[in-house]
Amino acid sequence: MCLPQASGNQFPRGCFLSLLSLSKPTTMAVAALNGLKMAATSQAYLESMPVNDTRKLLSDLCRHFYGLGWVSGTGGSITIKVHDESIPKPQQLIVMSPSGVQKERMVPEDMYVLSPSGCFLSSPSPKPYPNKPPKCSDCAPLFMKAYLMRNAGAVIHSHGMESCIVTMIDPLSKEFRITHMEMIKGIQGHGYYDELVVPIIENTAHERELTDALAEAIEAYPKTTAVLVRNHGIYIWGDSWIHAKTQAECYHYLFDAAIKLYQLGLDWSTPDHGPIKKYGGKTNMSVKAGTVNSNHETEPSRRCIVLDIEGTTTPISFVTDVLFPFARNNVSRHLAAMYETDETQDDIKLLRTQVQSDLEQGIVGAVPIPPDDAGKEEVIAALVANVEAMIKADRKITALKQLQGHIWRTGFQNNELEGVVFEDVPEALQKWHASGIKVYIYSSGSRLAQRLLFGYTNYGDLRKYLCGFFDTTVGNKRETKSYVEITESVGVDKPSEILFVTDVYQEAVAAKAAGLEVIISIRPGNGPLPDNHGFKTITSFSDI
């Protein structure tokens, strides 16, 4: 039960999360959890060093963010979970800043301490006039959503000018999108060549009324770590306060960059940040490319093109006769040289999990991998045997693709490998890019491998024409739900605004079922298609 609250300290009715809403644990688990909760909510723990340190950290950050202009005029707020190795994150206490208080003058004693379910455990004492009676942040219900839905360790609500203005440039846009900016690398799960997408929700008169819209955005955008509120600000979360702060700084930088690029007439949402296209006197950051052809027929209105690699942009023989053999011939050398690195240990962990599953399913070629204490050489020998079997079977699995990407990276960087694309590809990419059409890659190879192939081609670096890369982490290429996920990621109004080009009939069927326009690529070395397959075909990108 929540502690009784003084006037002004209550959240809006229904905003607290109830432990009763969690799935029913076992009797032993309940007892253990209750014991943990009692220890973590005791008066002694509330006065302990972890809680006091978090209070002080929060007041320090409020002063720092005030200096950045994020929490001026008593606006904005911060919340941090009390880090304690002995307590699982979902059961850790929450420290939250008050509302209506000069953020640069706050002290540790001004902070609220809440239970994991959102009940007050400690509230600040009232201060004499002209200070207002203490009141917990109006953002509390929204903070709790981030904690519950994303298992966050800290959440920041900023009123930074950049985060407000960037939502006003296009009043109808439901997303902020940007790509090819260095600071994108500071956002969880993103690299320089990726497209960062931040959902935008509409503002309301009262902060608490944003709760449902924020929750819907978090659910609709599973990869996002922030939600913009139009004409208002932004909510940002991270695994820890350091992660949340770092991302907040990167988001504000990117918003500021977008605003300045817009003032210069440049489009921040395209790889080369060229001039903003204008159609009928209207500025449009996301161009629709519907045209009328020479036969006076209206061609599809395309905003995005998604390209397969093997048999579409690149000869299948390059993959089978160059990339695969390079990975197979160098896997032992790579593992031996990089064995101690965190990256390779992650690769090995992923391979162990995959091989264990293969052994249980009786997959041909799978052999047990000995434990680490068996010795480096024995472990590597078993890994090599499994990887060679996976490559021979042309398996489309993340464990293999991730390791291959790391091996190929070394080859490309040492000029041992050069990516190959068909001669019509560079010109088509340049043409589509100049027309405002966003181009993405979707391949069973890892995103790293895709970036390497297009970054080191026989025609130079083509990544400047590409907005992003999709691999099997969005799903199998022969499953319709994968294309639904891509549609939701690239920001089109309807799936038919995406053209998908592939050489594989089953992929074409899956994409068509998701509503995408589909063209099948016929290139030298490609496999045969079924009779009466029903899809438009091309032999060159110049035909598109």
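Which strands does H13 lie across, and at what angle does H13 run to S14?

**View 1. Helices on the sheet.** H13 lies across S13 and S14 and runs at about 135° to S14. Helix H15 (residues 505-513) packs on the sheet, touching strand S15 (498-502) and strand S16 (517-521). The direction of H15 makes about 170° with that of S16. Contact means heavy atoms within 4.5 Å; axes are lines fitted to C-alpha atoms, for helices over the stretch in contact, with angles from 0 to 180 degrees between N-to-C directions. The model is predicted: local features need pLDDT of at least 70, side-chain atom pairs pLDDT 80 or more, while totals for chains, interfaces and linings use all residues. Numbering starts from 1 along each chain as its sequence is written, and side-chain values use heavy atoms, without hydrogens and water.

**View 2. The open sheet.** Six strands pair in parallel, in the order S14-S13-S12-S15-S16-S17. Strand S14 (468-470) and strand S17 (536-538) are the edges; each has a single partner strand, so one side of each lacks a neighbour in the sheet. Pairing requires at least two DSSP bridges; helices (H or I, at least four residues) and strands (E, at least two) are DSSP runs, numbered from the N terminus.

**View 3. The S12-S13 pair.** Strand S12 (residues 304-307) and strand S13 (residues 438-442) run parallel, joined by four bridges. Leu-307 has Ile-441 in S13 as its bridge partner.
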